[in-house]
Amino acid sequence: MASLEFTRRYAMAHRLLTTKSPKCAIPHGHNEFVTVRLDPTEPFRFGGANSAAPFEHVKRRWHQWIDEHVDHALHLDENDPLIGYFRTREPERLSQIITFQGDPTTEALAACFWLKLTAFVAVEGLAFTVREVRIEETPTNTVVINRQNFDPSDCGLRAGVWPRRSDMSINDFRD
Ligand SMILES: [Zn+2]
């Protein structure tokens, strides 16, 4: 099977409190592109369908998640006091908040995307592994997560949190 790559666009907003940048501490937005690359666990061989058909399932699930849950979400550190505001004043909007362990940087988002896509691939039982996640934050600023700079089994993220689950969640709020 061949490697597969696909791209999706979404709008997002975030703010960074721990990062020492006053410009980034006010909520602001980006229109981003995420490109993911999947490698087959087996090499391509001729015969039969000659394509990785189940891949369409994971692509559909991934794009559905991006379109319906990630697009127009607000990304916040799980300790950001804004979450308290939404909890008490606009709880109906909590479902549009993506939470992070630490600042919601593009690097952290790319790592979360990696884990979420890996969970989707696993639940579909696909013979693929996530090779690379690339987020184009602006036309001149792209973040790349791959196996050289990211170890999913030793990345400091708590067990059982939303990026590790194969459901459509983007946070760990309980109602
Ligand atoms: Zn930003």
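**A glycine and its surroundings**

Author: Gly 160 lies in the segment after β6, the strand of residues 141-146. The structure is a predicted model, in which local features need pLDDT of at least 70 and side-chain atom pairs count only at pLDDT 80 or more, while totals for chains, interfaces and linings use all residues. Residues are numbered from 1 along each chain as its sequence is written, and side-chain values use heavy atoms, with hydrogens and water left out. Helices (H or I, at least four residues) and strands (E, at least two) are DSSP runs, numbered from the N terminus.

Gly 160 counts as partly exposed because its relative accessibility is 46%; buried means under 20% relative accessible area, exposed means over 50%, and partly exposed lies in between (1.4 Å probe, protein chains only). When residues up to four places away in sequence are not counted, Gly 160 touches Arg 165 and Asp 172, a contact being heavy atoms within 4.5 Å. Val 121 stands 39 residues from Gly 160 along the chain, and the C-alpha atoms of the two are separated by 17 Å.

The wider setting may now be described. The protein has four helices and six strands, arranged along the sequence in the pattern β-α-β-α-β-α-β-α-β-β. Its 175 residues would give a compact globule a radius of gyration near 16 Å, and the value of 17 Å for the protein therefore agrees; the radius is taken over C-alpha atoms, and the globule rule is 2.2 Å times the number of residues to the power 0.38. Taken along the principal axes, the box filled by the C-alpha atoms is roughly 60 × 35 × 30 Å. Of the 175 residues, 42% are buried. Among contacts with a separation of 6 or more, 71% join residues 24 or more positions apart.

A zinc ion is also present. His 14, His 28 and His 30 coordinate the zinc ion, each through NE2, at 2.0 to 2.1 Å. Donors are N, O and S atoms within 2.8 Å of the metal (3.2 Å for Na, K and Ca), and water is not among the atoms, so sites may look incomplete. Along the chain the donors follow the spacing H-x13-H-x1-H. His 28 has 22% relative accessibility and so counts as partly exposed, whereas His 30, at 16%, counts as buried.

Helix α2 spans residues 55-70 and includes His 63. Because its relative accessibility is 10%, His 63 counts as buried. Leaving aside neighbours within four places in sequence, His 63 is in contact with Phe 6, Thr 7 and Arg 8. Glu 68 is found in helix α2 as well, but with a relative accessible area of 53% Glu 68 is exposed.

The loop between α2 and β3 (73-77) holds His 72. This residue has a positive phi of about 65° although it is not a glycine. Most residues other than glycine have a negative phi. At 57% relative accessibility, His 72 counts as exposed.
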